[in-house]
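Here is a briefing on one protein chain. Please keep the sequence and the structure in view while reading.

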Amino acid sequence: MFKSTVSVLAAVALLSPIAVAERAKLVTLTHVYDKAQLSSEDGAAELLTGLTRAAKRVCTSRAPLVSMDYTDKACAESLVVAAVRQIQLEAAEAGIGMAPSLERIALTQLASAN
């Protein structure tokens, strides 16, 4: 099976739950997937689960004052949406149909951008 890689680079502001000041952090999400996952709902669900897990890992930082991990949900969500959009563009160029759930995520991003 042919494996593809999607890389998403985003600048996000991470807020510590304790700190008041914002700090900008550049994050990158790279995820390897099988193009065969794109056309079925089961494959799309598996792909989205992997993307979400990877995005949460990238968007998690340590809150030093309370010695806890903090996941910026907005960061993770934006990375997943950006990754799906990039996957959609690559799939369209390759002539690969996408499962409806992936199409909805990409279309939702386009609608919210306008």
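**Briefing: fold, core and selected residues**

Ser78 sits in helix H2. The model is predicted. Ser78 lies 23 residues from Ala55 in sequence, and their C-alpha atoms are 8.7 Å apart.

**Overall fold**

- The chain holds three helices and four strands.
- Read from the N terminus, the order of elements is β-β-α-β-β-α-α.
- The chain has 114 residues, and 35% of them are buried.
- Take the contacts between residues at least 6 apart in sequence: 61% of them join residues at least 24 apart.

**Nonpolar core**

- The largest nonpolar core has 23 residues.
- Which members touch the most other members of this core? They are Leu29, Leu38, Leu47, Leu51, Leu79, Val84 and Leu102.
- Four elements each supply at least two residues of this core: strand E2 (23-34), helix H1 (41-58), helix H2 (73-94) and helix H3 (100-113).
- H2 gives the largest share of the core, with eight residues.
- Leu47 is in contact with His31, Tyr33, Gln37, Leu38, Ile87 and Leu102, leaving aside neighbours within four places in sequence.
- Two of these partners of Leu47, Leu38 and Leu102, are also listed among the core members that touch the most others.

**Packing of H1 and H2**

- The axes of H1 and H2 are 8 Å apart, and the helices pack at an angle of about 135°.
- H1 and H2 are therefore oblique to each other, because an angle must be over 145 degrees to count as roughly antiparallel.
- The crossing of the two helices, H1 and H2, is right-handed.
- On the H1 side, the contact is made by Leu47, Leu48, Leu51, Thr52, Ala55, Lys56 and Val58.
- On the H2 side, the contact is made by Ala76, Leu79, Val80, Ala83, Val84 and Ile87.
- How many residues of each class take part in the contact of H1 with H2? There are eleven nonpolar residues, one polar and one charged.

**Gln37, in the loop between E2 and H1**

- Gln37 is placed in the loop between E2 and H1.
- Is Gln37 buried or exposed? Gln37 is buried, with a relative accessible area of 13%, because buried means under 20%.
- Not counting residues up to four places away in sequence, Gln37 touches Gly43, Ala44, Glu46 and Leu47.

**Ser101, in helix H3**

- Ser101 is found in helix H3.
- Ser101 is buried, at 14% relative accessible area.
- Beyond residues up to four places away in sequence, Ser101 touches Glu41 and Ala44.
- Ser101 and Leu48 are 53 residues apart along the chain, and their C-alpha atoms are separated by 9.4 Å.

**Gly97, in the loop between H2 and H3**

- Gly97 is located in the loop between H2 and H3.
- Gly97 is partly exposed, with a relative accessible area of 49%, because exposed begins only over 50%.
- Gly97 touches Leu38 and Ser39, not counting residues up to four places away in sequence.
- Gly97 and Leu38 are 59 residues apart in sequence, with a C-alpha to C-alpha distance of 7.1 Å.

Technical notes:
Residues are numbered from 1 along each chain as its sequence is written. This is a predicted model: local features need pLDDT of at least 70, side-chain atom pairs count only at pLDDT 80 or more; totals for chains, interfaces and linings use all residues. Side-chain values use heavy atoms; hydrogens and water are left out. A nonpolar core is a set of buried Ala, Val, Leu, Ile, Met, Phe, Trp, Tyr and Cys residues joined through side-chain atoms within 4.5 Å. Buried means under 20% relative accessible area, exposed over 50%, partly exposed in between (1.4 Å probe, protein chains only). Contact means heavy atoms within 4.5 Å. Axes are lines fitted to C-alpha atoms, for helices over the stretch in contact, and angles run from 0 to 180 degrees between N-to-C directions. Angles under 35 degrees count as roughly parallel, over 145 as roughly antiparallel, 65 to 115 as roughly perpendicular and the rest as oblique. A crossing is left-handed if the near helix is turned anticlockwise from the far one by less than a right angle, and right-handed if clockwise. Ala, Val, Leu, Ile, Met, Phe, Trp, Tyr, Cys and Pro count as nonpolar, Asp, Glu, Lys and Arg as charged, and the others, Gly among them, as polar.
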